[in-house]
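Subject: Structure handover

Hello,

Please find the structure below. My notes follow it.

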Amino acid sequence: MAETYDLIIIGGGAAGFTAGIYAARDRCQALLLERVAAGGQVLNCEHIENYPGFPDGVAGYTLGPLLQQQAMKLGLGVGLTDVDAVRLEGEVKVLQTGNGEVRAHALIIATGSSFTQLGVPGEETFLGRGVSHCAACDGAMFMEQPVAVIGGGDAALDEALYLTQYASQVTIVHRRDTLRACQLLQERAQANQKLTFRWNTVVRAIEGKEVIQRLQIEDVKTGERSALDVAGVFPYLGLTPNTQFLNGLVPLNARGQIITDLWMRTAVPGVLAAGDVRGDSARQLVSAAGDGATAGLAAVRYLQTGQWRE
Ligand SMILES: Cc1cc2nc3c(=O)[nH]c(=O)nc-3n(C[C@H](O)[C@H](O)[C@H](O)COP(=O)(O)OP(=O)(O)OC[C@H]3O[C@@H](n4cnc5c(N)ncnc54)[C@H](O)[C@@H]3O)c2cc1C
């Protein structure tokens, strides 16, 4: 039978690694499982200027590996594998992974969320070949070419502003006539000559031969369709929580996010959730790290006392 850890953490973002730091400092035998790379969504953040302690900001690709280094230095084990399913055997949590089964007495789910898809023809065909969710990774490929950013929140404006360094023109296609992004980003966007807006507009198709050539867009008020010539598309429509693999293990809210109390505890003894994957999260780096700290402390308390709710 596979080894039984005190604690397994699923997800190597700010929430997961912070939980790991707290658990490791309490000499908990803890293992973190991550399917892609250390850092999670932070790797998509070109420049983070609202994480405390970095007066000049910090690049996501710098912060991500630092989170892992710090946690491992304190004794956290880290494995690179996907967790496909979780089941309970009494109080033991059994995880089915790409590398076989692992077991633990306590579990912290810190799996974050993934970009919501546009769901239009051409999106899958051109994913990674013109459709991108990472301006920092792919922006330079569109030097002096027109690109479109889809969405109206912080991530959309942040990424659109970044892309103006490279692209000849950045068009923000937004289905409403107002933005959700914070005021500072809106002011920066309005002041940028390379940015234009297509309000009340949705994308119906992404078209091209070898590469993307145009979007088919529709005005949602008039129903009028037209073509927008672009070489790249960056959709930022929001995020879908990564909870599908749990198959009903813990209760979710209507958005598919995990329901927790203020100590990050779910309804199942020994199972906690932290960061963007849970309901009521502010969906920021600092709040994800805060959730991770709380979850790490609560998990250790459960392991030491066997008590779930006092
Ligand atoms: C473009 C963009 C810009 C942003 N800019 C900022 C900013 O400037 N400031 C700020 O504070 N916040 C920003 N955010 C939000 C911030 O990045 C997130 O709130 C934060 O990273 C969430 O951390 P997390 O640990 O909860 O989840 P994540 O960082 O999403 O980490 C979850 C991890 O779990 C892994 N995982 C998922 N499912 C499985 C599985 N089944 N098995 C194994 N591993 C799994 C994923 O691969 C991922 O690495 C931005 C987000 C985006 C998308």
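In helix 6 (residues 183-191), the residues Leu185, Gln186 and Ala189 are buried. Buried means under 20% relative accessible area, exposed means over 50%, and partly exposed is in between, with a 1.4 Å probe and protein chains only. Helices (H or I, at least four residues) and strands (E, at least two) are DSSP runs, numbered from the N terminus. An α-helix has 3.6 residues a turn, so residues three or four places apart point the same way. On the other side of helix 6, Gln183 and Ala191 are exposed. The buried residues of helix 6 pack against helix 5 (154-163) and strand 10.

This is a predicted model: local features need pLDDT of at least 70, side-chain atom pairs count only at pLDDT 80 or more, and totals for chains, interfaces and linings use all residues. Residues are numbered from 1 along each chain as its sequence is written, and side-chain values use heavy atoms, with hydrogens and water left out.

**Arg198 in strand 10**

Arg198 is in strand 10 (residues 195-198). With a relative accessible area of 32%, Arg198 is partly exposed. Not counting residues up to four places away in sequence, Arg198 touches Thr171, Ile172, Val173, His174, Ile217, Ser226 and Leu228. Contact here means heavy atoms within 4.5 Å. Arg198 and Met72 are 126 residues apart in sequence, and 47 Å apart in space from C-alpha to C-alpha.

**The nonpolar cores**

A nonpolar core is a set of buried Ala, Val, Leu, Ile, Met, Phe, Trp, Tyr and Cys residues joined through side-chain atoms within 4.5 Å. The largest has 36 residues, and those with the most contacts inside it are Leu7, Leu76, Ile108 and Leu272. Helix 7 supplies the largest share of this core, eight residues. Apart from it lies another core, of 24 residues, which includes Phe115, Val147, Ala167 and Leu185.

Leaving aside neighbours within four places in sequence, Leu7 is in contact with several residues, including Ala23, Leu31, Ile108 and Leu303.

**Arg278**

Arg278 is found in the loop between strand 16 (271-273) and helix 7 (285-305). Is this residue buried or exposed? Arg278 is buried, with a relative accessible area of 10%. Beyond four places in sequence, Arg278 touches residues that include Gln257, Met264, Arg283 and Asp291.

Regards
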